[in-house]
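Hi,

Here is the structure I promised to pass on.

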Amino acid sequence: MRLLASTLLLLGAASAEAAAFKATLLVLDDDPRLQRSRVERAYLGHPTGPAADAVAVAIKESTLELDAAGASLSIATVAAADVKGLQEAARKAEKAGAVALLADLPADALLAVADAVKLPVINLSATDDRLRQQDCRAQLWHMAPSERMRADALAQTLVARKWSTVLLLTGPSPADAQRGAVAQAALKRYGLKLAAAKPFKLSGDPRERDLANATLLTQGSHEVVWVVDSDGEFARSLPYRTATPRPVVGDGGLVALAWHAQYERYGAPQVSRRFSKANNRAMTAQDWQAWLGAKALAAAVMAAPKGPAAAVAKALATAELDGSKGVAMSFRPWDGQLRQTLLLTDGQGVISTAPIEGILHPKNALDTVGADAPEKLCKARL
């Protein structure tokens, strides 16, 4: 009994001395992506709930391992109305001893936060390629796949299916224009033929009705229709409305995402079930990205449980992560992007994954989707 009591006292003392690490999740007040009307529509590839939901699940799952390592990790969520407020929150977190920031923010706000602090900033949702290229930052780490990664995954899938002639339909927003250019680059990269590129526009003006007429837009000779629609409304209605029977890919039909709740391999169902049980909704790609962002930070804390913050940052940069996709995932040192398998889904189930089997790379097949090291697109990391 005395030995047992002594052991319990020692364990209690060890627990009391556990190093306490802190981080902050930065989000926007009244995030337009989470407006009720958008969440109810549940467009494929769009968030349906706050990133904090997934972060909480990840921290709960990591508690035992953190305890075993003699450390703890807490992540507080801070919302701000504008970029200035986000920068102030970031500086306050850094001054209070945070080891990292997690950010569920659009590109410009994310860059402003990264420029305000010296901490690692984990990007949970922004897919803009410029964040990995001309506007990259040395302390930015990207859980969300870039638009180029998603486009490459789709292009590889078309090659595998022998759907080689593509009609590209692009929406009216600046984001659509940028993503349409990325799609065209992916088609060229994988030797696919662009049959035509046409704009579409949803409008209440009767004079512009034909710009959203799927039958008119999809006439001509092609084997597949690739639709770029950041808003999501036109893309979701395009399958089965084409002039001739043709598969649809892009933002409708078959979509390349980081996650889908119907993925059934490598322990993925258990991840999705735990999230669903905690939050009463299906796990989306954005949820998985937030979940793995928090898990990555927890893994870094476990690797450097005594600190200092610089050691945690180094452990984060070199971490190998298991995101229940069947491969070890790590950050690309040349642009901070997480290497990862992408899931090709129609919203009902996962049809295939990318990289496609047979696509070769001299070092890591995961680097066949997205920017590779020899391209040297991120000057901040050279």
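**What turned up**

Trp 259 is buried, at a relative accessible area of 1% (buried means under 20%, exposed over 50%, partly exposed in between, with a 1.4 Å probe and protein chains only). Before you read on: this is a predicted model, where local features need pLDDT of at least 70, side-chain atom pairs count only at pLDDT 80 or more, and totals for chains, interfaces and linings use all residues. Residues are numbered from 1 along each chain as its sequence is written, and side-chain values use heavy atoms, with hydrogens and water left out.

Back to the rings. There are 4 aromatic pairs (ring centres of Phe, Tyr and Trp, the last by its six-membered ring, within 6.5 Å; planes under 30 degrees apart are stacked, over 60 edge-to-face, the rest tilted). One of them joins Trp 259 to Tyr 263, edge-to-face, with 6.2 Å centre to centre and 80° between the planes. Tyr 263 is buried too, at 6%. Ring pairs tie Trp 259, Tyr 263 and Trp 288 into a cluster.

Trp 288 also has the charged end of Lys 325 over its ring, 3.9 Å from the centre (NZ of Lys or CZ of Arg within 6 Å of the ring centre and within 35 degrees of the ring normal). Likewise, the charged end of Arg 381 sits over the ring of Trp 141, at 4.4 Å from its centre.

Then there is 1 disulfide (cysteine sulfur atoms within 2.5 Å): Cys 136 with Cys 378, sulfurs 2.0 Å apart. The torsion about its S-S bond is about 95°, so the disulfide is right-handed. Cys 136 is buried at 5%, and Cys 378 is buried at 2%.

Cheers
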